[in-house]
Amino acid sequence: MPNPFDQGSVSSNLAQVFGYPGVDWVIPVYPWKPVTDGVSFARSDERLGPDLLPEREEGQEIDSESLWRRRYHVRAPIQRIQEEPMDTGPLSTMARWWRGT
């Protein structure tokens, strides 16, 4: 099974981790021109623009959380609507904690 994160060349793979090549590759500092946020990495089947970021419409910004959700197929959290006031007593609080609500 091929590696889905292989970008096709050693320098492209290193750029995903260290940012664009530069002096900051050899000294221990934050990358001057990072390509990723260090949490979400491009897959080889993902279409990337010339800046090595996902292709997007002109002027469209992609925040890191939505990019992470799209790459790893994570659903957005369910927004629960609270219809009635909740009891804040110790037993009801413990019961909500136990159920995870």
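Helices here are DSSP runs of at least four residues, numbered from the N terminus. Keep in mind that you're looking at a predicted model.

Start by selecting residues 64-71. That's helix H2, and Arg71 is part of it. Is Arg71 buried or exposed? Arg71 has a relative accessible area of 7%, and buried means under 20%, so Arg71 is buried.

Next, colour the chain by pLDDT. The mean for the chain is 76, and 80% of the residues reach 70 or more. Among the elements, H2 has the lowest mean pLDDT, at 75. The highest, 86, belongs to helix H3, residues 90-99.

Time for some rings. To describe a pair of aromatic rings, you use the distance of the centres and the angle of the planes. How many aromatic pairs does a search of the whole structure find? The search turns up two.

Select Phe18 and Trp25 for one of them. Their ring centres are 5.9 Å apart and their planes meet at 50°, so this pair is tilted. Phe18 is partly exposed, with 38% relative accessible area. Trp25 is partly exposed too, at 27%.

Last stop: select Trp97 and Trp98. They also form a tilted aromatic pair, with 6.1 Å from centre to centre and 55° between the planes.

How values were computed: Residues numbered from 1 in each chain as written. Predicted model: local features only at pLDDT ≥ 70, side-chain atom pairs only at ≥ 80, totals over all residues. Heavy atoms only, no water. Phe/Tyr/Trp six-rings, centres within 6.5 Å; stacked < 30°, edge-to-face > 60°. Buried < 20%, exposed > 50% of the residue type's maximum accessible area, 1.4 Å probe, protein only. Helix = DSSP H or I, 4+ residues; strand = E, 2+ residues; numbered from the N terminus. pLDDT = per-residue confidence, 0-100.
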